[in-house]
Amino acid sequence: MAIVQLQGVVKEYPLGKLVVSALRGIDMTIERGEFTVIAGPSGSGKTTLLNLIGCVDVATRGTVLVDGQDTGRLSDADLTRLRLHKLGFIFQSFNLINVLDVHQNVEFPLLLSGTLTPGERDKRVRSLIDRVGLTEQLIQRPAELSGGQRQRVAIARALVTNPAIVLADEPTANLDSGTGASIIELMKELNRTEGTTFIFSTHDHAVMSHARRIVKIRDGAVESE
Amino acid sequence: MTLARLIVRIAVRSLIAHRVKSAFVGLILAVGTFLVAFFGALLSSIEVATESAITESIAGHLQIYDKDARDPLELFGGMGLGSQDVGEIPDFEAVREVAAAIDGVAAVLPMGVTNATIFGRNEIDTVLETLRESVRDGDAARLAAATARAKRIVESLATDSATLDAIGEAGEVEQMRTALSEATAPGFWDALDLADPGAAMSKLDWLDANIAPMANDGRLFYLRVVGTDLDLYQREFDRFYVVKGQPVPPGERGILISDRSYEEFVKNIVARQLDVLRRAVVERGESIAADPLLQDRVKRLTKQYRRVSFQLDPEGARVVADALRAHLGSTETDFDALLRAFLAVDDATIAARHALFYEVIAPRITLYEIPIGQEIPLRGFSKSGYIRAVPSRVWGTFETRGLEKASVEQGVNLVDLDTFRELYGKMGAAQLAELSDLKREVGVATVSRDDAEAALFGGGPAEPVEAAAAPTQAAKEVPLVLNAAVVLHDRQRVQELMGVLSERLEAANLGVQVVDWQEAAGVLGQLAFVVRLVLVISLAIAFGVSMIIVNNAMMMATLDRVPEIGTIRAVGGQRGIVVAIVVLETVLLALMAGLLGAGLAVLAIWKLGEVGIPAVMDALVFLFSGDRLYPVIDAQHVGFSMAVVLVVAVLSTLYPAVLAARVPPVVAMRGKD
């Protein structure tokens, strides 16, 4: 069953009087529970594609369906809600809130959604932090953690709302190869145990080797699968 | 943890994380709060003090005057020259009745303001009058003393030919020289004895005509005169007190002169100059040696020696000369030279010579040109333009407690209502009766045009149409009240009771209007308003600048946090959350800075309230209602300053907050760029 469907997706950016096409008609379907890599060289359009799927940007033309919802027809508030409830993000630069500790960073999306009781919330946060192996660092702030630990916090935060899709934009780019591999292992394991759909972009062949499906992008179009 | 608490936590931690920005913005907000609370409290204190100075001196809390008055009522004088025309209150008793019936009104005082002048007399006039009185009374001792004084004056004038050149034209000067040689000729003064009063009086007339014009003219004093019910005034205005002389006894007529006017304008000029110099050097620590203005004053003082020497009789002059010689260690025999040397004071000698002047000289001269207890002609310009001279007894001088040094207060002098009426050019009961009697005596009658021929030439009805008013009718008192002061029990109720009073007076159709003390005080009343306006504008500018600075700082901080804001948006935070975080941050900062600023203001005002702020200028004495202002600060000032700083903080953060809310979540993905 498709969780993401893209039909004829075009994304253009105005650049002065010019218009730059980042995506030139992408058709793609991603099934629930997939562990997909979007690969391609820098400037190929993979981040743009991830942004459209992640509802942080909208297509110039074409349709992007996320969990059955046409993102082009949603308001900013609806898109925000969709991100909160259906999507989890893992950023290349971790993007943690520096003034909050590990527990609070992970808890943040749950507080925004307001769906759980404080007890349930705490249990879920602690269990995820445990899953990513940071129980000892519960009350440490991002500045006190290593890069790998920060990315683990980001993973826990991305999964805490139990999203349908987790999007990871070059999640290992700022990590050494060993740490990167362990992060990928962790994501694979969560994909296997939680059934969460993982879509991540990378141009690292070592990372690609872990993917069950690789979509190669070049010059804004799907080159191969 | 709830979302609200998390937002607060993010805000607080962001403040700490951006501590340099927080300290900078916090400092600006703290200074802003301090300024608002401090100057707000100071201004309120000044307003209360000024209000008290105005309402407790002559204005009362409310003033009633003619609704159709040509000029606005300005009790302390306005910007224009000359008298104002504030009309009249047609029926003061009815007005008083309406006002007094209102709960909260303590007293209603009739009043009127006009200008008057008094002529001071020159020394020759004074001595000639003494000589005349001595001849009339047959007082040989007094005559001898006064003759000696007159001789001294004439001799002094004769030796100072420069003065003559300054006074008149060539022909006149020659005439004066002749008169002076005659007056200094041996035997001239022998005729002034009691053996032949007629000859003595002729000699005095000759002196009056030929010598008196050579002396300086008596000075003209301008007085701003407030006519009122003096008994009621002395009772209702608590700050009033008599300095010299006595209050005007109930039912008596007379004038009470402002003590400061009396000291500054009526006092002998030598005494005044010595007072000024002593105050400057001893009280204010200024130096004659260093101040050209004070040096000039000393120079002028040494030329005023005649204002002392002309007033001394031979015995007085001898005592003074001995004292001066002893003090100066001098052997000088010429009295005028001795006096000039004495008056050439410097920083080292002023204090001792001032003391010696009051100890030895002052008791032997007429220290004030208008002595207390004397009846003087008070001259006023009546409304119809002619000058009225109203004899008025100077009962004493008065002051308004706390405003002794306030220069604006010196302009107000008090007279009874009858004197005021006459000065204003309206006949009093006695004059009306006199006029009526005169009319009757000379047979003045009002005759209608039709009967004029018959009345003048006989035939037909010879009786006048209307007989002259009977004296009893004419003697009926005509009250002249231009304005009325209303004193209230509670100063907080001024506006409320002004409304009630206006309505009732309107309903009674008495043709009057009501203004509050601020309006009635004219320019002076607006002073507090102007001070407030200047301060408010200054604070507004300061806050405008603060807003720009805070806004800039917040903009920079917001730009710094774009990735963080993008992340919050990307993980599902709505725009409102972002706005809340940014605004809350400033609100928290404003609260902390506000408490600090307001706390410092409370401390500063509390300290100033203990030591007082000195009124360094005379104008400030009135604004401060005394020599020092003891400001107070209350919760209202603190609350207001906090509110202002919060509003300013929120307003200056709104734009950065809106910008932050517009940060697209996609920026969170740009970490690699």
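## A salt bridge between the chains

In this predicted model, the side chains of Arg575(B) and Asp76(A) meet in a salt bridge, with 3.1 Å from N to O, where a salt bridge is a side-chain nitrogen of Lys or Arg within 4 Å of a carboxyl oxygen of Asp or Glu. Between chain A and chain B the count is two salt bridges.

## The interface of chain A and chain B

Contact, meaning heavy atoms within 4.5 Å, joins 30 residues of chain A to 27 residues of chain B. The two chains bury about 2600 Å² between them, with 61% of it on carbon and sulfur atoms; buried area is the accessible area (1.4 Å probe) that two parts lose on being put together, summed over both.

## Two helices of chain B

Helix 2 (residues 19–59) and helix 23 (residues 523–560) of chain B have axes that come within 10 Å and cross at roughly 170°. Helices here are DSSP runs of H or I with at least four residues, and strands are runs of E with at least two, numbered from the N terminus; axes are lines fitted to C-alpha atoms, for helices over the stretch in contact, and angles run from 0 to 180 degrees between N-to-C directions. Helix 2 and helix 23 of chain B are therefore roughly antiparallel to each other, a term for angles over 145 degrees.

## A salt bridge within chain A

Over all chains the count comes to 42 salt bridges. In one within chain A, the side chains of Glu34(A) and Arg213(A) meet at 2.9 Å, N to O. This pair links distant parts of the chain, 179 residues apart, with Glu34(A) in the loop between strand 2 (18–31) and strand 3 (35–39) and Arg213(A) in strand 9 (residues 213–218).

Residues are numbered from 1 along each chain as its sequence is written, and chains are lettered from A and ligands numbered from 1 in the order in which they are written. Local features need pLDDT of at least 70 and side-chain atom pairs count only at pLDDT 80 or more, while totals for chains, interfaces and linings use all residues, and side-chain values use heavy atoms, with hydrogens and water left out.

Notes: Angles under 35 degrees count as roughly parallel, over 145 as roughly antiparallel, 65 to 115 as roughly perpendicular and the rest as oblique.
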